[in-house]
Amino acid sequence: MIRHLLVLLVLVPSLAYAGNARLLTTDAAETLERPVLGLQRSAVPLPLGFALDTSLLADLMLAANLGVRWAAEAGPHRFVLGARYTQFVGSQAFSDLIRGQAPMVTRFDATLSGPSAYALYGIAPGGGWLFQVEGRYWGYQFPSAVVMAGVNAPLGAGLNLALEAGMQLPLTDAQGQPIGRPGLRGSAGLRYVGDNLGLTLGAAYVDISEPMVPGGALPIIPVVDLSWTF
């Protein structure tokens with residue numbers, strides 16, 4: 001259970017459109033033009049469309065991570081490439097915590113270290129609308145890949161409706177055995193977009209099966225983000 005929740009902190013960030021280029025569970029097909037401090041993304045823009053970023057929430061959960069991102073605009077078209085490396089340094093701390101709560105657990109190994117990469121194409125026809133598709137791969141202990149389509153729809157007064165839908169792709173290991181399970185993914189949420197403040201509240205369908213979860217499953221998780229763009 002704890003391992004899955006830690007993975008979600010790293011893999012399922014949310015959005016603040018006020019500069020951190022996040023949708024709900026995906027990146028947003030837009031450039032990063034100003035420094036931003038946020039729970040799901042803190043970033044420093046660099047020349048030529050590049051930026052260095054980190055997930056502050058994951059860092060606080062001892063999953064230290066650093067990424068590089070490149071984005072470009074051509075008229076209404078948006079192009080984004082990014083990569084990140086995560087090093088989980090909290091294995092012993094979480095192992096001690098879990099064994100203290102559940103003495104029957106004699107060993108806990110949460111392997112969240114490894115690279116991830118993503119690519120996006122988006123189109124922004126104007127008026128705050130954004131349509132995009134993202135492909136993302138994580139090379140952790142259990143590699144996974146997801147393709148998601150998303151839309152940002154302006155509601156007025158700084159509010160936006162964000163919707164995402166896609167699926168986790170089937171992967172196999174070196175012996176041809178399936179890794180994880182394919183399945184549908186989706187999310188919906190509201191984003192407040194200010195000049196500096198970004199706030200997101202929503203929910204994501206993640207369809208996790210885990211014996212330590214009450215009922216053996218965790219179908220839906222909340223998506224929350226808060227950021228400040230300078």
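Trainee: Is D27 buried or exposed, and what is its relative accessible area?
Mentor: This is a predicted model, in which local features require pLDDT of at least 70 and side-chain atom pairs count only at pLDDT 80 or more, while totals for chains, interfaces and linings use all residues. Residues are numbered from 1 along each chain as its sequence is written, and side-chain values use heavy atoms, with hydrogens and water left out. Buried denotes under 20% relative accessible area, exposed over 50%, and partly exposed in between (1.4 Å probe, protein chains only). D27 is buried, its relative accessible area being 0%.

Trainee: Which residue meets the side chain of D27 in a salt bridge?
Mentor: A salt bridge requires a side-chain nitrogen of Lys or Arg within 4 Å of a carboxyl oxygen of Asp or Glu. Helices (H or I, at least four residues) and strands (E, at least two) are DSSP runs, numbered from the N terminus. With an N to O distance of 2.7 Å, the pair links the loop between α1 (2-11) and β1 (36-38) to the loop between β1 and β2 (42-45), 14 residues apart. The partner of D27 is R41.

Trainee: Which residue in strand β3 is tied to R41?
Mentor: R41 counts as buried at 2% relative accessibility, and a salt bridge with closest N and O atoms 2.9 Å apart joins R41 to D53. D53 lies in β3 (residues 50-54) and R41 in the loop between β1 and β2, so the pair ties together parts twelve residues apart in sequence. The partner, likewise buried, is D53.

Trainee: Which residues do salt bridges with shared partners join into one network?
Mentor: The structure holds seven salt bridges. Both D53 and R41 are buried. The network consists of R22, D27, R41, D53, R69 and R84.

Trainee: With which residues is A162 in contact, leaving aside its neighbours within four places in sequence?
Mentor: Contact means heavy atoms within 4.5 Å. The contacts of A162 are L23, L24, V151, S187, A188, G189 and R191.
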